[in-house]
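Here is a short note to read alongside the model on your screen.

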Amino acid sequence: MLYPLSEDLRSVDDLPADARLPPIGPLATVHEGLRAAEPGIDLNDPVWGVLTGEGRSIEVDIGHHDPVEAIMLHVRGGGDDALAAIFRLGRGIGCRPVDLSEGDLLREGDPAAWHEFQSYRDQVFHDHP
């Protein structure tokens, strides 16, 4: 997930229990930020983008809300380039990626966390085809 979280936040556990995040922004502004971050992103469907790369695809579920509240990423394939693309997308719209399998922030430059996520994802899809 991509959420508008401050850069100084160390963990989602540091958020107050009653925290309400602001929206990411208007749909048009979000599209501009995503395109600036990853010019190859396909946003022909305004609520569901696709970014493909070598050995991976990232589906970008923007949703129907305007302003956009959060973005769900569906990552298939892998490689360290996928992690870099996730961070570029997040920076392009002022967001930080949260790994829902671990329930905490993804750390840029931490391929171990990315590989743990891939293992988790692959196990889930293996067990539930």
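The points below go from the whole chain to its strands and then to its cores.

1. A word on the source. This is a predicted model, in which local features need pLDDT of at least 70, side-chain atom pairs count only at pLDDT 80 or more, and totals for chains, interfaces and linings use all residues. Residues are numbered from 1 along each chain as its sequence is written, and side-chain values use heavy atoms, with hydrogens and water left out.

2. The overall plan. You will find three helices and six strands, following the pattern β-α-β-β-β-α-β-β-α along the sequence. Helices (H or I, at least four residues) and strands (E, at least two) are DSSP runs, numbered from the N terminus.

3. Surface and burial. Of the 129 residues, 40% count as buried, where buried means under 20% relative accessible area, exposed over 50% and partly exposed in between (1.4 Å probe, protein chains only). The accessible surface comes to about 7,400 Å², and 52% of it belongs to carbon and sulfur atoms. These areas come from the Shrake-Rupley method with a 1.4 Å probe; for residues, only the protein chains shown count as cover.

4. Strand β5. Now look at residues 96-99, which form β5.

5. The partners of β5. Strand β1 (residues 2-3) runs antiparallel to β5 and is joined to it by two bridges; here Y3 has R96 as its bridge partner. Strand β6 (residues 104-105) also pairs with β5 in the antiparallel sense over two bridges, with L105 as the bridge partner of V98. Two strands pair if DSSP finds at least two bridges between them. Four residues separate β5 from β6 in a hairpin, and G103 in the turn has a positive phi of about 75°.

6. The largest nonpolar core. A nonpolar core is a set of buried Ala, Val, Leu, Ile, Met, Phe, Trp, Tyr and Cys residues joined through side-chain atoms within 4.5 Å. Which members of the largest one touch the most others? Of its 24 residues, they are L34, I58, V60 and I71. At least two residues each come from α1 (27-37), β3 (56-61), β4 (72-77) and α2 (80-92), and α2 gives the most, with six.
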